[in-house]
Amino acid sequence: MLKDKNIVLGVCGSIAAYKSALLVRLLVKAGANVKVVMTTDATHFITPLTLSTLSKNPTLVDYFKADTGEWNNHVELGLWADMLIIAPATANTLAKMANGLCDNLLSAVYLSAKCPVYFAPAMDLDMWLHPATRQNVSRLQSFGNIMIPPGNGELASGLHGEGRMAEPEEIVAFLEAESKKKFLLTGHKILVTAGPTYEAIDPVRFIGNHSSGKMGFAIADVLASMGADVTLVTGPTAQTSKQQNIKRVNVTSAAQMLEACLSVYSDVKACIMSAAVADYTPADVATQKIKKQDGGLTIELKKTTDILKTLGEAKGAGQILVGFALETNDEEMNAITKLQKKNLDFIVLNSLNDAGAGFAGDTNKITIIDRELKQTSFELKTKEAVARDICDKVAQMING
Ligand code: CTP
């Protein structure tokens, strides 16, 4: 899958830079056209000549070619690339990427690139665990950049732990798998819901919830990047999609979301219902703004239709239905009850008791429970990384 791909490999100043020689060799062996861009610090660890010889292309370090007075065109390089891989990615370069700093050729290529960007971190344990690095990694993932996770083991400092760059063979295997993923869901229509619903009380007020829509938008982006034809039905949110090929349907209330879902459901292969749908809506919506009066105010609520349950009852052969359960207590039991009651193929459980999980933030911690009640728990991750786990599971089920 890497055959004939144009790959820019960014090499930063880490002891792991010595592994770049093998990485270039493996990429070239896989049929890719490789151009290497190094930071100045990286040249202390491995020579540009080594990487030029192996890549069969000049290795670039500086903006300018001192001898001819020409400049190395970062925009052209960024546009040439089908993939940009930063390996090793140091804490310094990750920080620059996350904040748009542009003081060397590699960071300029990064800002100019329109292709998928992968980064393989390499640093010492404590640098890796520092909140600044964690935040930079989350930020990059929120841009859609993909991390090739570091391994656990002996580090150059003598410490032991996470922070070691993935081995070149692992990086190539990761990239091969990623390239295959691009087509994993081609030809499949998938419905995703996101965000809150707003239930009108009168022309100016509503009952809503704190859902940001981040999780559903991240899922829609990942599915689209895997080739799926995605319809995203979303409640009110400021989120925007990163992928171009997503049909967005804006709705406000639970009733509108139900209608929008039903209008496409019979045609889709899978539906992932991540919206936080209101369970109750005002029984009557006042046509005029309700005026303040002495004493309290009681608003009568009636139940909304459970969209997911309705879709579960209408589920056709081979259709895959996924729901979410956000719980505060008896998490597992509640999620299993929902899974069964709503006829789901799997349910994504998150508990408000887990720090970093739930509605508002950028991270989530999930457990997937399937029909056989097999549970898979994942660590706390960015919502983009969680979306990838959920979509991998959907792709696995679709492709058997
Ligand atoms: N859901 C839905 N329609 C509703 C309410 C919920 O489709 N009217 C979906 C949500 O999108 C989610 C799943 O059902 O995928 C579970 O939602 P949740 O609010 O956790 O569960 P409820 O079934 O509403 O139960 P409760 O609020 O009592 O926990």
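Helices (H or I, at least four residues) and strands (E, at least two) are DSSP runs, numbered from the N terminus. The model is predicted: local features need pLDDT of at least 70, side-chain atom pairs count only at pLDDT 80 or more, and totals for chains, interfaces and linings use all residues. Residues are numbered from 1 along each chain as its sequence is written, and side-chain values use heavy atoms, with hydrogens and water left out.

Two backbone features stand out for description. Most residues other than glycine have a negative phi, and most peptide bonds are trans. A87 and P88 are joined by a cis peptide bond, with omega about 0 degrees. P88 belongs to strand 3 (residues 83–89). N343, a residue other than glycine, has a positive phi, near 60 degrees. This residue, N343, lies in the loop between helix 12 (331–341) and strand 17 (346–351).

The ligand has 16 residues around it, and M273, A275, L308, K338 and K342 come nearest. A residue counts as near if one of its heavy atoms lies within 4 Å of the molecule. Strand 16 (320–327) and helix 11 (307–313) each supply at least two residues of this shell. The largest share, four residues, comes from strand 16. By class, the shell holds nine nonpolar, three polar and four charged residues. Here Ala, Val, Leu, Ile, Met, Phe, Trp, Tyr, Cys and Pro count as nonpolar, Asp, Glu, Lys and Arg as charged, and the others, Gly among them, as polar.

A polar side-chain atom of K342 lies 2.6 Å from a ligand oxygen atom. A polar backbone atom of T305 is 3.2 Å from a nitrogen atom of the ligand. For D306, an N or O atom in the side chain is 3.5 Å from a ligand nitrogen atom. On its own, the ligand has 570 Å² of accessible area (Shrake-Rupley method, 1.4 Å probe), of which the protein covers 76%.

A pocket is an open set of points on a 1 Å grid over the protein atoms alone, where a 1.4 Å probe fits, with protein on both sides within 12 Å along at least five of seven lines; lining residues have an atom within 4 Å of a point. Of its 45 lining residues, Q141, N145, I146, M147 and R388 are the closest to the centre. Helix 7 gives the most to this lining, with six residues.

Conventions: Polar contact = N/O pair within 3.5 Å; in protein donor to acceptor, adjacent residues only side chain to side chain.
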